[in-house]
Amino acid sequence: GGRDVHIHLIGSATFMSLPKLAGALEGLPPGRHVHIHVEKVDYLDHACLELLEDWERGYQANGGSLELEWREIHRRVLHKRVPG
């Protein structure tokens, strides 16, 4: 519906991309149903994982919700793809 927000993460989500990711999340209006898509993420590090978990707690406390494939996220954290 009109309250849904979709964020597509692409490539590697690492501590280097934390400011950009944090800025995108913090800029979302409260009370929305946020979908974070990770199909195009090849690696996500623990710093980004912690950011998502912390942000979800705060966002839910303000009436919002987050839809995220946590199993897929954890799989991508634990299994870094080696280039080449």
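This is a predicted model: local features need pLDDT of at least 70, side-chain atom pairs count only at pLDDT 80 or more; totals for chains, interfaces and linings use all residues.
Which residues of the largest nonpolar core touch the most other members? They are Leu25, Val34, Ile36 and Leu44, out of 22 residues in that core.

**The core and its contributors**

Several elements give two or more residues to this core: strand S1 (4–13), helix H1 (18–26), S2, H2, S3 and helix H3 (70–78). The top contributor is H2, with six residues. Setting aside neighbours within four places in sequence, Leu25 is in contact with Ile7, Ile36, Leu51, Leu52 and Trp55.

**Overall layout**

Stepping back, the protein chain has three helices and three strands. Read from the N terminus, these elements follow the order β-α-β-α-β-α. The radius of gyration is 13 Å, close to the 12 Å that the globule rule gives for 84 residues, so the chain is as compact as a globular protein of that length. Along the principal axes, the C-alpha atoms fill a box of roughly 40 × 25 × 20 Å. Buried residues account for 38% of the 84 residues. Among contacts with a separation of 6 or more, 83% are between residues 24 or more positions apart.

**How the strands are joined**

| Strands | Direction | Bridges | A facing pair |
|---|---|---|---|
| S1 and S2 | parallel | nine | Val5 and Val34 |
| S2 and S3 | parallel | four | His35 and Glu67 |

S1, H1 and S2 form a right-handed β-α-β unit. For the other pairing, Ile36 has Leu68 as its bridge partner in S3. Between S2 and S3 the chain passes through helix H2 (residues 46–61), and this β-α-β crossover is right-handed as well.

**A closer look at His35**

His35 belongs to strand S2 (residues 33–44). Is this histidine buried or exposed? His35 has a relative accessible area of 10%, and because buried means under 20%, His35 counts as buried. Its side chain makes a polar contact of 3.1 Å with the side chain of Asp4. Beyond the residues up to four places away in sequence, His35 touches Asp4, Val5, His6, Ile7 and Glu67.

**Leu9 in strand S1**

Leu9 sits in strand S1. With 12% relative accessibility, Leu9 is buried. Which residues does Leu9 touch, not counting residues up to four places away in sequence? The list is Leu21, Ile36, His37, Val38, Lys40, Val41 and Leu44. Two of the names there, Ile36 and Leu44, are also among the core residues that touch the most other members. To give a sense of distance, Leu9 and Leu49 are 40 residues apart in sequence, and their C-alpha atoms are 13 Å apart in space.

Conventions:
Residues are numbered from 1 along each chain as its sequence is written. Side-chain values use heavy atoms; hydrogens and water are left out. Buried means under 20% relative accessible area, exposed over 50%, partly exposed in between (1.4 Å probe, protein chains only). A polar contact is a pair of N or O atoms within 3.5 Å; within protein, one must be able to donate a hydrogen and the other to accept it, and residues adjacent in sequence count only if both atoms are side-chain atoms. Contact means heavy atoms within 4.5 Å. Two strands pair if DSSP finds at least two bridges between them. A crossover is right-handed if, with the strands pointing away from the viewer, the path from the first strand over the helix to the second runs clockwise. A nonpolar core is a set of buried Ala, Val, Leu, Ile, Met, Phe, Trp, Tyr and Cys residues joined through side-chain atoms within 4.5 Å. The radius of gyration is taken over C-alpha atoms; the globule rule is 2.2 Å times the number of residues to the power 0.38.
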